[in-house]
Each structure stands twice: as structure tokens, then as C-alpha cells.
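Subject: Structure handover

Dear colleague,

Here is the structure for your files. Please look it over alongside the notes that follow.

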Amino acid sequence: MSTAATTDVRCPDCGTALTGEPTCTFCGPPVVGPTAARLWQVDQRLAFIVGERTLLAGAGALLVVLGATYEQRLRDMRRPRERYEGLE
Ligand SMILES: [Zn+2]
């Protein structure tokens, strides 16, 4: 069992929880300093964008379902009139 402290901050490369060491203890890249900080910021933005994309894709799928439902309801509304077509 490891006694090293971990944080909620994870290595931007492998996702291992960082322990406070200057490098990721699993895959090795530096995790302190300006480049690592910038990489962390970019990683956070990417996570946000991926989340937003997932949300929008879900909304798009919902719109497709709602659109199909709407089209079906329009067809259902037309059917009573269609029954009487040609009877005049
Ligand atoms: Zn790592």
C-alpha cells in the first residue's frame, strides 16, 4: 500500500493521480512548471469541449427523435382527411 499523498489533479498524459512529485510517477513527464501548467489548462479546455460535444450530440439525437415524432403526428393528423379523399 502506497503512503504517497495523491490529489484530484491527474497526469494529462496517462491520467494517473499526481502525488506532488515533479514528474508523473507512472509515465514520467514533468508535471510542474509553466509548460506543464499550460498543458493542464489545455487538457481542462479539451475535457470541457468534449463534454460540450457530448451534450450537443445528445441534444441533436433528441431533436432527431422529436422531429420524427412531430412528422409522425403531422401524418396522423392528415389521415382523417385522406380517408375522405376521392369520396366526393
Ligand atoms: Zn502520466
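Helices (H or I, at least four residues) and strands (E, at least two) are taken as DSSP runs and numbered from the N terminus. On that basis the protein chain has one helix and zero strands.

Two points on how to read this. The model is predicted, with local features needing pLDDT of at least 70 and side-chain atom pairs counting only at pLDDT 80 or more, while totals for chains, interfaces and linings use all residues. Residue numbers start from 1 along each chain as its sequence is written.

Burial goes by C-beta atoms placed from the backbone: a residue is buried with 20 or more others within 10 Å of its own, exposed with 12 or fewer, and partly exposed in between. Of the 88 residues in the protein chain, 5% are buried. Contact means that two C-beta atoms, again placed from the backbone, lie within 7 Å. Where contacts in the protein chain join residues at least 6 apart in sequence, 8% are between residues at least 24 apart.

Cys27 sits in the segment before helix 1 (34–84). Cys27 is exposed because 12 other C-beta atoms lie within 10 Å. Leaving out residues up to four places away in sequence, Cys27 touches Cys11, Asp13 and Cys14. Cys11 is 16 residues from Cys27 along the chain, and their C-alpha atoms are 8.5 Å apart.

Leu39 belongs to helix 1. Leu39 has 17 C-beta neighbours inside 10 Å and so counts as partly exposed. From Leu39 to Pro12 is 27 residues in sequence and 7.2 Å in space, C-alpha to C-alpha.

Gln44 is also in helix 1. Gln44 is exposed, since 11 other C-beta atoms lie within 10 Å. Pro12 is 32 residues from Gln44 in sequence, with 9.0 Å between their C-alpha atoms.

Regards
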